[in-house]
Amino acid sequence: MVTLIKYSIAITLLLLAGSVNAQELKGSYSGTLDVQGMQMELIYNISTSEDGLKATLDVPAQGATGIELDSVILQDDQVTITSAKMKMTYTGSLSGDSIEGTYEQMGQKYPLTLKKTVKTKPGNTALPSTDAALEKLAAMESGSYKYSVEDYFKTPDAYSFQLSPDGKYISYLKRRESGERDLYLKETATQKETLLIKQEEDLIRGFYWANDTRILYMQDKGGDENYHVYGVDITGQNKKDLTPYDGVRVNIIESLKEDTNNVIIQMNKDDLQQEEPYRLNINTGEATKLYTVKAGDPPISGYHFDRKGNLRAIDRIVDGINMELLYKIDGEFTRVKLTEFGDTFSISSFNPATKNPDDAYVISNLEGDKIEIQLFDLKENKKIKTLFSNDTFDVSGVSLSRKRDYEIDYFSYTGEKTVVVPVSETYKKIYSRLEKEFGEKQFFTVGKTDDESQYMVVVTSDKIVGEYYLYDVKKDTVTLLYKLLPHLKAEDMATMKPIKFKSRDGLMLYGYITLPNNYKEGDRVAMIVNPHGGPQGVRDNWGFNPEAQLFASRGYATLHVNFRISGGYGKAFLKAGFGQIGRKAMDDVEDGVDYAIAQGWADKDKVAIYGGSHGGYAVLRGMTKTPEKYACGVDYVGVSNLHTFMGTIPPYWEKYRELLYKIWYNPSIPEEKAIMDEVSPALHVAKIAKPLFVVQGANDPRVNIDEADQIVESLRKRGVEVPYMVKYDEGHGFGKEENRLTLYKAMMGFFAEHLK
């Protein structure tokens with residue numbers, strides 16, 4: 001009940017209405033709800049309207065602000081606030097600048113005193129460094145360089161290209177001189193360019209073609225990750241917010257080629273802790289629920305639809321940590337597989353090419369260590385055959401041709417680099433033609449017209465940001481569309497070299513080293529080790545990395561280590577990291593540093609550690625676990641205290657809580673709580689002996705600003721000056737160009753001060 005109350009508060013949609021004596025109640029009122037020792041601040045912002053009163057709710061611990069409320073009434077001195085969705089009522093007596101009352105939800109009652117306050121920004125606003133201080137830090141980098149921070153990190157003039165289903169248009173985001181990015185269309189025949197959507201305050205987070213004449217795009221507010229889906233015609237008309245639900249997270253999960261007026265979305269509109277599927281009309285916004293998760297049922301983690309939009313299978317979390325696949329047989333969802341976390345059995349797509357409606361392409365590692373692609377009969381619960389596998393790496397990519405009756409075109413996987421394996425005769429010819437065009441460069445077909453007469457191709461490498469081409473199959477022509485950041489010349493860029501080495505306990509580890517372009521064998525240079533986020537199931541890949549290239553241009557090497565729990569290397573490697581975050585997973589990062597030093601690449605006295613999200617946690621953990629190893633560190637939206645982190649996860653992560661405990665640690669188990677104490681950097685700030693730079697988005701729903709505040713405040717109480725950058729219009733990572741540039745300029749000044 002504790003968590004349900006807590007996260008229902010966090011982001012629920014509410015709508016408030018009317019009453020009397022509105023002026024007396026106008027203002028913001030703050031109070032702390034105490035539920036079995038867990039505390040959460042609530043701020044009610046009450047104002048007048050034509051109908052009486054209206055209000056919004058802020059929950060600072062969740063990074064949630066401006067949530068509209070449902071009903072507020074003031075009669076005499078009695079205040080009543082209700083929410084049907086939350087099944088919540090707050091009643092209290094107004095006296096001067098405070099309300100003394102009771103918060104009730106789902107039969108549970110808690111005292112809650114609200115006091116009038118001045119609404120403030122998230123977190124402790126006294127902590128962030130001033131703009132002047134950060135500018136002074138950025139100025140620590142001096143010298144003449146061929147490429148500036150802007151050259152690496154400004155938004156490309158145009159990017160995110162997509163081909164319309166009929167091939168008549170290309171859509172893309174285009175940068176304004178001031179850094180905003182707008183959505184444009186270009187006719188492929190005439191090259192006529194049209195502005196479709198102009199960015200206002202919030203970023204366009206993604207877009208895609210719903211049919212030949214309509215585009216869907218997604219936006220949130222200030223990085224809070226509560227996405228809305230908008231629709232617009234290619235004429236610019238009929239622009240509409242198709243999911244106008246504040247505080248609700250929406251994602252598009254299926255496009256329907258057989259039903260061009262609808263898509264399948266999932267959203268947590270009716271239950272904050274559970275996303276449910278809806279058929280969404282892309283013109284009217286009419287949403288029809290396709291499945292309801294019943295109270296008491298295991299939470300659902302995924303839905304599988306066929307090409308006609310029929311719900312055929314469901315992934316559920318059982319007992320908190322096991323994964324269950326239910327397949328619809330004779331009208332009933334029936335269990336096909338029950339797997340423990342770390343084992344994989346998942347539907348990639350159904351197989352329309354067969355007469356057997358129960359055939360599907362699945363990815364599975366149930367018969368071995370590595371994920372392979374299988375053809376599987378779901379009704380008989382039987383593998384038909386293995387289609388593709390690799391002895392060293394997990395494989396999961398399969399591409400089908402809709403035009404050619406869903407024939408398999410190619411398989412793909414990520415090894416040291418990305419590998420594409422053509423299968424169909426048609427695609428073998430296409431791939432061979434593109435190989436002649438691009439030689440040894442890495443290229444991928446990333447889009448195609450419905451009739452498969454034109455393909456969008458992207459070319460990239462460790463030295464090429466990205467080049468987009470259009471391949472016309474009938475004409476056999478390859479036409480350059482755009483080069484991303486063409487001013488970054490490949491000959492000036494550094495090489496990213498795949499590496500592998502053994503961990504201290506004998507595990508084979510993979511990663512990458514990027515050395516400065518002018519590196520000479522025998523030189524020992526300053527190095528930045530960059531642990532990735534996640535941490536589970538994701539990994540660092542070979543390709544153009546703007547951070548590593550910026551660092552290399554300033555004379556620094558960059559080390560990426562795919563430590564245990566990273567994805568792509570088999571389930572034994574993944575599971576080896578469960579319950580080892582901050583311990584053996586951190587050992588792997590340290591072993592990578594030692595390997596780079598042993599190879600003669602790195603100066604052991606000039607090693608920095610930098611990372612975001614889990615990588616930010618690794619920075620703080622590294623600087624408290626082995627403080628002698630690092631000359632300095634940069635923590636970007638990183639966890640500092642595992643206890644507070646577990647207490648402020650977004651509501652849509654709640655169904656994964658037990659999995660989170662399995663990956664990290666369970667605070668209800670004394671032995672694991674002791675480990676959490678041991679590996680929480682905020683509890684060991686006295687061990688931080690080297691300079692630290694902390695960076696945070698104020699509206700981050702995943703890693704709350706308190707994670708950064710507490711580490712900064714603790715260090716400053718010890719007299720340690722910590723540069724602290726907070727952006728109040730960002731969330732989990734900086735999406736806006738001006739903020740991104742400010743970050744990297746300050747970071748390079750910080751590294752110049754402590755590594756040179």
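## Strand β24 and its two partners

Six of the eight residues of strand β24 (residues 322-329) are buried, so the strand is largely enclosed by the rest of the structure. This description rests on a predicted model.

The hairpin of β24 and β25 has two residues between its strands, and Asp330 in the turn has a positive phi of about 55°. In a regular strand the side chains alternate between the two faces of the sheet.

Strand β7 (residues 88-95) and strand β8 (residues 98-105) run antiparallel and are joined by eight bridges. Thr91 has Thr102 in β8 as its bridge partner. The hairpin of β7 and β8 has two residues between the strands, and Gly96 takes a positive phi near 65° in it.

On the other pairing of β8, eight bridges join it to strand β9 (residues 108-117), and these two strands also run antiparallel. β8 and β9 form a hairpin with two residues between them, where Met106 in the turn has a positive phi of about 50°.

## The protein as a whole

The protein contains 14 helices and 44 strands. For 756 residues, a compact globule would have a radius of gyration near 27 Å, and the value for the protein is 27 Å, which agrees. Its C-alpha trace spans about 80 × 65 × 55 Å along the principal axes. Of the 756 residues, 57% are buried. Among contacts with a separation of 6 or more, 53% are between residues 24 or more positions apart.

The accessible surface comes to about 31,300 Å², and carbon and sulfur atoms account for 46% of that area. There are 93 positive and 109 negative side chains, with the centres of the two sets 4 Å apart.

## Met527 and its surroundings

Met527 is located in strand β39 (residues 525-529). With a relative accessible area of 0%, Met527 is buried. Leaving aside neighbours within four places in sequence, its contacts are Ile513, Ala557, Thr558, Leu559, Val593, Ala596, Ala602, Lys606, Val607 and Ala608. One of these, Ile513, is 14 residues away along the chain, and its C-alpha atom is separated from that of Met527 by 9.7 Å.

## Helix α6

Helix α6 (residues 546-553) is mostly covered, with six of its eight residues buried. These are Glu547, Ala548, Gln549, Leu550, Phe551 and Ala552. The elements that cover them include two helices, α4 (149-153) and α14 (737-755). The cover also includes strands β38 (508-514), β39, β40 (557-562) and β41 (602-612).

## Backbone features in loops

Gly534 and Pro535 are joined by a cis peptide bond, with omega about 0°. Pro535 is in the loop between β39 and α6.

Two residues other than glycine have positive phi in loops. Asp405 has a phi near 55° and lies in the loop between β30 (397-401) and β31 (407-414). Its relative accessibility is 48%, so Asp405 counts as partly exposed; the exposed class begins over 50%. Ile565 has a positive phi of about 95° and is found in the loop between β40 and α7 (571-575). Ile565 is buried, with a relative accessible area of 0%.

Notes:
Residues numbered from 1 in each chain as written. Predicted model: local features only at pLDDT ≥ 70, side-chain atom pairs only at ≥ 80, totals over all residues. Heavy atoms only, no water. Buried < 20%, exposed > 50% of the residue type's maximum accessible area, 1.4 Å probe, protein only. Helix = DSSP H or I, 4+ residues; strand = E, 2+ residues; numbered from the N terminus. Pairing = 2+ DSSP bridges. Rg over C-alpha atoms; globule rule 2.2 N^0.38 Å. Contact = heavy atoms within 4.5 Å. Areas by Shrake-Rupley, 256 points an atom, 1.4 Å probe, with all protein chains shown as cover. Lys, Arg positive; Asp, Glu negative; His and termini not counted. Charge placed at Lys NZ, Arg CZ, Asp CG, Glu CD.
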